[in-house]
Amino acid sequence: MAKRGRPKKMEMPDSAEPCNAKNWLRCIDRAKGVRQNWRDRMRVSLAYDYFEGIQRPANINEKEWITINMIYSNLLAELPTLYSTDPYFYVKLKKSYKPVPETIAAYEEMAKVRQGGLNYYKGELGLKKKSRLAIFDAFFQYGVIEVALSADVEENPKKGEAILGEDGRPMLDETDAPLLEPDEVPANEAFQLIRHHPDDFLVDADAGPLDDDVKWKAKRVKMRLEEVRDDRRFDRNARRDCKATEMDDQTDKERETRKKGGTLSAKEDKTPSIVVTWWLYDRRCKQFLVVAEGNDDYLIAPKDIPKGIEKDPFVDLRFTPRSDSWYPIPPISQQIDPQREYCETRSKMLKHRKRFNRKYVMFTTPFGDNAESEAAKLENGDDGTVLMATTPTGFAPVMPIQDAPLDQNIHVEYAYLRKDFEDVATGANQRGSAQGVDSATEAGVIEKRTMIREGDRIGMVGDFVIDIGRKLDQMIQAHWKKDQAVKIVGPQGEEWITMRPQDYEKIEGEYEYSINVGATTPQLPEIERSQWLSFLGVITNAPQLLLSKTLLKETARMHHIENEALVDELFNIGQMMMSGEIPMPGQQGSQPNTQGTAAARTGGQAGGPGNVMQMRGGQQ
């Protein structure tokens with residue numbers, strides 16, 4: 001008889017005592033304190049201000065400050081190199097616990113369907129837009145994507161009835177009582193990719209840099225009190241007694257009030273209307289729960305993590321990990337100081353250029369009673385103003401005072417500051433030709449190190465996207481219920497695939513997930529054309545490549561050509577050249593198969609050295 005086990009005893013992540021909602025909220029408060037200390041140390045708020053161009057110190061006049069926002073320009077230049085186009089997912093069989101050829105072949109066919117499903121949903125769920133936002137977040141803090149299943153909750157028409165097993169008999173619990181249908185069931189299910197702002201994501205206070213060191217993860221969701229009380233996912237008594245703890249956004253409230261033609265009262269202005277909920281995944285106990293700040297009861301009591309989720313549904317991106325904390329070193333945090341010094345130096349130059357430099361020494365005697373009016377001409381007069389002196393003297397009655405010149409060292413410092421920023425932000429000599437190097441060899445080494453630095457972040461983004469695909473595939477596997485045909489575009493061109501529930505059945509083995517290398521980097525027409533011409537040049541100089549499909553495919557991949565259908569056609573052309581159906585390079589017309597080896601030798605000589613036909617002729 002089928003039975004359902006009891007939920008495991010829930011324990012606090014940092015103690016052996018049974019937990020409750022209040023204890024979980026204390027854990028969340030402690031974790032928020034750790035995160036806030038990290039934000040202060042890394043000057044996260046200041047980094048956002050600097051990116052938006054808010055850099056002028058409060059004690060400096062607006063007319064005496066100029067902002068040259070290199071953080072902004074550098075970030076806009078780097079983001080497209082990390083994720084410009086959606087990659088193509090590959091799903092392949094990694095391990096089979098049944099070493100039977102028929103089973104392995106069946107698993108590989110299922111992998112092709114899973115591969116097609118991922119490449120369909122990456123566009124449907126907006127993977128590119130959400131991943132780029134997460135990458136942007138990682139420059140200031142860290143990026144977070146959640147793979148989720150959204151569903152409405154409807155009343156179950158079979159509520160209260162016994163749940164029947166596969167044998168048609170009622171299923172029993174541990175007390176041998178029949179399991180009953182729930183009052184409500186999910187409906188309108190849909191897969192989702194959700195980008196969470198870093199401020200709305202939290203890990204336990206003692207989390208280390210590796211994912212295995214994290215005991216729990218949580219997302220913050222702010223909901224109106226009315227929404228909480230109408231949400232059937234929450235416990236009926238808890239949502240009825242739930243209290244709001246935060247004020248609604250004042251701007252939105254005023255906008256809505258103006259639309260209605262009314263005014264805000266003092267009472268409306270001070271009444272909290274937002275409930276701050278935390279949706280928490282306990283990775284150690286493999287349980288899920290929801291609590292609300294300021295409330296003592298669970299909105300959703302601890303229960304087993306929903307199917308399709310392995311430990312938690314979150315994928316994070318952190319560029320520079322720290323040895324003792326989950327929270328990383330954000331790249332922008334290291335650019336704040338050189339950015340500030342650069343703008344301060346540039347503003348000094350601006351201030352000096354705009355100074356009032358017309359200073360004079362004026363002797364009043366030659367001007368008599370008109371000295372003050374003549375002095376006013378010096379202060380406000382236009383170019384060519386004439387001063388009228390009444391008594392001639394042996395010296396000039398008005399002498400200009402030479403202004404202090406701008407120290408030329410400031411220009412040298414200005415250049416150093418710009419280079420300092422570039423070294424911190426993008427690496428030495430990355431923005432152009434290598435400067436200050438003694439040889440071409442040194443310049444080549446610098447360029448290679450620069451490419452390695454870029455490639456490392458591209459690799460991190462690639463791993464981030466692969467983890468999203470893996471979790472999404474697990475979610476599809478757990479919830480796919482009906483046949484559906486979808487069209488995908490990939491290296492094989494456009495094709496239709498049929499996704500069936502049996503293709504997502506669990507297997508006795510493992511799948512591995514990957515993406516085509518360099519797929520997320522931008523592909524400009526000039527670059528693609530250059531890569532294509534280079535590839536054709538290799539084929540022309542060494543047509544022997546056409547005889548090996550594996551070698552041909554690898555050569556195309558190194559030229560960033562991922563079109564598998566094109567590789568197949570080139571391989572077929574090579575076979576037709578070997579058979580004489582089409583002419584070899586340098587020949588006119590085709591060679592029939594009946595001529596055999598002699599024709600091969602003739603074709604090889606006509607095609608020149610290195611020709612495929614010559615190679616085959618020599619092998620006979």
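Predicted model: local features only at pLDDT ≥ 70, side-chain atom pairs only at ≥ 80, totals over all residues.
Me: Which residues of α16 are buried?

Reply: A residue counts as buried under 20% relative accessible area, as exposed over 50% and as partly exposed in between (1.4 Å probe, protein chains only). An α-helix has 3.6 residues a turn, so residues three or four places apart point the same way. In α16, the buried residues are E564, V567, L570, F571, G574, M577, M578 and S579.

Me: How do the directions of α15 and α16 relate to each other?

Reply: Axes are lines fitted to C-alpha atoms, for helices over the stretch in contact, and angles run from 0 to 180 degrees between N-to-C directions. Helix α15 (residues 549-558) packs on α16 at an angle of about 135 degrees, with the axes 10 Å apart. Angles under 35 degrees count as roughly parallel, over 145 as roughly antiparallel, 65 to 115 as roughly perpendicular and the rest as oblique. The two helices α15 and α16 are therefore oblique.

Me: How do the residues of the contact of α15 with α16 divide?

Reply: The crossing of α15 with α16 is right-handed, where right-handed means that the near helix is turned clockwise from the far one by less than a right angle, and left-handed anticlockwise. Contact, meaning heavy atoms within 4.5 Å, is made by K549, L552, K553 and A556 of α15 together with E564, V567, D568, L570 and F571 of α16. Ala, Val, Leu, Ile, Met, Phe, Trp, Tyr, Cys and Pro count as nonpolar, Asp, Glu, Lys and Arg as charged, and the others, Gly among them, as polar. On that scheme, the residues of this contact are 5 nonpolar, no polar and 4 charged.

Me: How do the residues of the contact of α3 with α5 divide?

Reply: The axes of helix α3 (residues 70-82) and helix α5 (residues 127-140) come within 11 Å and cross at roughly 130 degrees, which makes α3 oblique to α5. The crossing of α3 with α5 is right-handed. From α3 the contact draws on L75, E78, L79, P80 and L82, and from α5 on R132, I135, F136, F139 and F140. These residues divide into 8 nonpolar, no polar and 2 charged.

Me: Which residues is R43 in contact with, leaving aside its neighbours within four places in sequence?

Reply: R43 sits in the loop between α1 (21-41) and α2 (44-51), and its phi is near 50 degrees, a positive value in a residue other than glycine. Because its relative accessibility is 28%, R43 counts as partly exposed. R43 and P330 are 287 residues apart in sequence, yet 9.6 Å apart in space, C-alpha to C-alpha. With the neighbours within four places set aside, the contacts of R43 are S333, I336, D337 and R340.

Me: Does K311 count as buried, exposed or partly exposed, and at what relative accessibility?

Reply: K311 is found in the loop between β10 (300-304) and β11 (314-317). Its phi is near 70 degrees, again a positive value in a residue other than glycine. K311 counts as partly exposed, because its relative accessibility is 34%.

Me: What percentage of the residues in the chain is buried?

Reply: The chain holds 18 helices and 16 strands. Of its 620 residues, the buried share is 38%.

Technical notes:
Residues numbered from 1 in each chain as written. Heavy atoms only, no water. Helix = DSSP H or I, 4+ residues; strand = E, 2+ residues; numbered from the N terminus.
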